[in-house]
Amino acid sequence: MNSRSPQETVEEFLRPLLFGIAEEDLAALTESSAIRHLPAHTTICNEGDVGESVYVLVNGEVEILQRLEDGSERHLHYTQPGEFFGEMAILQQTTRTATVRTTKPSTIIEIYRDPFLAVLGRSPSLGIRLTLRLVNRLRDSDRQAIEALSAANTELRKALDRLERLDRTKSDFIQVAAHELRTPVAALTGYAQMMQNLPAVQEIPEIKALSEGIMTSTERLLRIFNNILDTSRVMTSNLVVRRSPVSLSLTLRGVCNEFSKAIEARGLHLEIKGLEELPFCPAEPDLLYKAFHHLVNNAIKYTPDGGRIAISGEVVQSPELGPVVQVTVEDSGIGIAAEDIDLIFEKFYRTGEVALHSSGTTEFKGGGPGLGLAIAQGIIVAHGGRIWAESPGYDEKTCPGSRFIVQLPIEEPAPARETVAPLEPAGAAAPAEDRMVALFAADDSPQAPPARDRPEENDNDDLVRLFSLD
Ligand code: ADP
């Protein structure tokens, strides 16, 4: 038989716990307390309730839990005998921020709020005890938060790895498919070209028109495959940028020559300014040609007939890159919406407005597969440069225009002349079929090097090899 009263039990338990507490404070706490014996899984207080009491665990164990948005509960910590709980809401005068539940049969002392706060106001022993409890609690929360963050970080890293693997698989598939499809299409282009030259075809207008249709379509297919291959190289494998001093003036004039017919046909006004004075850039000419090919091609595609395209160059000091050649390709076209301005450099990204328009390569709004800017960006970045777009917005009626700015370092990056970058060399040891594809690619294909660089004397050899394929 237990001869002690509940109040005596409370006093006996609190005295050592609040070591040094004044007798009258201990008595005040004891008088305003109740001792409770609770079975396992009893909820002592609920998250959101108004806090009316502070508790001390005498024996057993209680669990502190927090409700999550999905209705489940997250374990915060277990409280051991001799520890206070439920004091936060009382001190902060807020509702409970956690639920407390016994995990096994437990005994607790419940101390009512007002007398507790009154004693706390005058008792250093109780203050120190509670402060220690809060410090431990804070340390515990810090540790838990760090553990939760690092667990989430690990999960995120795993998810990122998985996504990167998937992306690589997808890119590999696209690359293999484009590569496999390109070879027969290149052959088709060759046959169509030969057919077109036959006198019998030239003489019958209907057949001539049909064979021209075949040529145009196969050339377009080739361009798409070449762009896909260029893009996957930009994104996945390694490019050795073989640098030599490059005149941007010559490069851009080559690109503009390539489009001269289209510019004339569309009544576009082309202005070229400040390119002659630019210093040479350490770059790979064919790659730069490809990058500017896409920028000029876009300026043509997204500017209505009779519009203006201005290409200008200057040397500026970039805070990040030092002295750079800055080339701006500006047009008076449909412009780009603010929300698209960064996304357009993503592969296969096309703005909704132009995605379903004409399919011609230089016609107004002749949308392509959304690869040109991804390729251009990959090339410029591989050269240690920067590219970005500016536009007041998208409007097909008022045509606010767009501006694409490219910055290329003037100084060669130290120490090697060759920089490993994420793109394959355009002309380096390409397999025979690749060279044949380049040979048969349409004139406006970025794969085609400037006319002055074409190995005219090898054309026949490549033709012979093409037709001996398969
Ligand atoms: P696409 O093959 O569709 O032209 P790009 O990667 O070259 O692919 O361009 C992506 C998208 O960026 C285009 O579909 C177009 O919406 C937008 N864009 C690119 N250049 C311009 C420009 N000069 N003016 C307006 N929009 C442009």
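The structure is a predicted model, in which local features need pLDDT of at least 70 and side-chain atom pairs count only at pLDDT 80 or more, while totals for chains, interfaces and linings use all residues. Residues are numbered from 1 along each chain as its sequence is written.

The protein chain has 13 helices and 17 strands, taken as DSSP runs numbered from the N terminus (helices H or I, at least four residues; strands E, at least two). Of its 470 residues, 32% are buried, that is, with 20 or more other C-beta atoms, placed from the backbone, within 10 Å of their own. Among contacts (C-beta atoms within 7 Å) between residues at least 6 apart in sequence, 76% join residues at least 24 apart.

Helix H8 (residues 248-258) packs against helix H10 (residues 285-301) at an angle of about 50°, the axes being 9 Å apart, where axes are lines fitted to C-alpha atoms over the stretch in contact and angles run from 0 to 180 degrees between N-to-C directions. The contact involves Thr 251, Leu 252, Gly 254, Val 255 and Cys 256 of H8, together with Pro 285, Leu 288, Tyr 289, Phe 292, His 293 and Val 296 of H10.

The ligand is surrounded by 23 residues, each with its C-beta atom within 6 Å of the molecule, and the closest are Asn 298, Tyr 302, Arg 350, Gly 368 and Gly 372. H10 and helix H11 (372-382) are the elements that give two or more residues to this shell.

Technical notes. Two residues are in contact if their C-beta atoms, placed from the backbone, lie within 7 Å. A residue is buried if 20 or more other C-beta atoms lie within 10 Å of its own, exposed if 12 or fewer, and partly exposed in between; C-beta atoms are placed from the backbone.
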